[in-house]
Amino acid sequence: KYLNKVLDILELNYDLPYVLSQLSFYYFLQGETREGLTLLNSYIKDIINIPSSPRYLANFYNRLAILNAVDGDIENALHFYDLASDYAKRSNDKLILYRIINNSGDLERYLYGPKTSIRYNLEAYEMAKDFPKDFIVVSLSNLINSKVQFCRSTEIEAMLKELEELLKDVN
């Protein structure tokens, strides 16, 4: 009831992608993924050229990829990660791109094993160095999980020591 009122007053402006992103996320949280996707898609032609759109579309497709992966629809998850990555690059938002790369690495590890996810984990780890330490901890942990079967024990030990030091500074 209230959602329809909100949709009736939406105007095509800079804030529209944000509002749509939040509304579609609400649908996802309610387990109504298709409704959220339908909502965003109904406005996609209107918002695609608004400067703020790529950032919100990247987040939206990242969430959609996660939901599809959780639901076991891996093909769609990969498709949505690709879309999310494209929009994140257009937005120049490094944090969103970091999250997408991290998530893509998790899916690659699940699908094809740890060796194929190393490239994603390395990229996310390098990007994480520009963010707070808890991001580095997550990325380094993912990298260790991927490399542990393929690297020399001395390399893994060094990475584990680095992780241990980082954990001292993370709440």
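**Close-up views of a predicted helical model**

**View 1. Tyrosine 98, a buried ring.** Tyrosine 98 is buried, with a relative accessible area of 3% (buried: under 20% relative accessible area; exposed: over 50%; partly exposed: in between; 1.4 Å probe, protein chains only). The model is predicted: local features need pLDDT of at least 70, side-chain atom pairs need pLDDT 80 or more, and totals for chains, interfaces and linings use all residues. Residues are numbered from 1 along each chain as its sequence is written, and side-chain values use heavy atoms, without hydrogens or water.

**View 2. Aromatic pairs.** The structure holds 5 aromatic pairs (Phe, Tyr or Trp rings, the six-membered one for Trp, with centres within 6.5 Å; stacked under 30 degrees, edge-to-face over 60, tilted for the rest). Tyrosine 61 and tyrosine 87 make a stacked pair, because their ring centres are 5.8 Å apart and their planes meet at 15°. This pair links distant parts of the chain: tyrosine 61 sits in helix 4 and tyrosine 87 in helix 5 (residues 74–91), 26 residues apart (helices are DSSP runs of H or I, at least four residues, numbered from the N terminus). Both tyrosine 61 and tyrosine 87 are buried. Tyrosine 98 and phenylalanine 135 form another pair, with ring centres 5.4 Å apart and planes at 75°, so this one is edge-to-face. Tyrosine 98 belongs to helix 6 and phenylalanine 135 to helix 8, so the pair ties together parts 37 residues apart in sequence. Phenylalanine 135 is buried, at a relative accessible area of 17%. Tyr61, Phe80 and Tyr87 form one aromatic cluster.

**View 3. The largest nonpolar core.** This core has 44 residues (buried Ala, Val, Leu, Ile, Met, Phe, Trp, Tyr and Cys joined through side-chain atoms within 4.5 Å). Tyr61, Tyr98, Ile100 and Leu140 have the most contacts inside it. Two or more residues each come from helix 2 (16–29), helix 3 (33–47), helix 4, helix 5, helix 6, helix 7, helix 8 and helix 9. Helix 5 gives the largest share, 7 residues.

**View 4. Helix 8 and its cover.** Helix 8 runs over residues 133–147. Its 15 residues should span 21 Å, and the end C-alpha atoms are 21 Å apart, so the two agree (expected span: 1.5 Å times one less than the number of residues). Its buried residues are Phe135, Ile136, Val137, Ser139, Leu140, Asn142, Leu143, Ile144, Ser146 and Lys147. Helix 6 (94–112), helix 7 (114–128) and helix 9 (153–169) are among the elements that cover them. Leaving aside neighbours within four places in sequence, leucine 140 contacts Tyr125, Met159, Glu162, Leu163 and Leu166 (contact: heavy atoms within 4.5 Å).

**View 5. Asparagine 68 in helix 4.** Helix 4 covers residues 53–70. Asparagine 68 counts as buried because its relative accessibility is 11%. Neighbours within four places aside, asparagine 68 is in contact with Asp73, Ile74, Asn76, Ala77 and Phe80. Phe80 also belongs to the cluster with Tyr61 and Tyr87.

**View 6. Aspartate 93 in the loop between helix 5 and helix 6.** At 19% relative accessibility, aspartate 93 counts as buried. Its side chain reaches the backbone nitrogen of leucine 95 at 3.1 Å. The side chain of aspartate 93 also reaches the backbone nitrogen of isoleucine 96, at 3.2 Å. Not counting residues up to four places away in sequence, aspartate 93 touches Arg55 and Ala88.

How values were computed:
A polar contact is a pair of N or O atoms within 3.5 Å; within protein, one must be able to donate a hydrogen and the other to accept it, and residues adjacent in sequence count only if both atoms are side-chain atoms.
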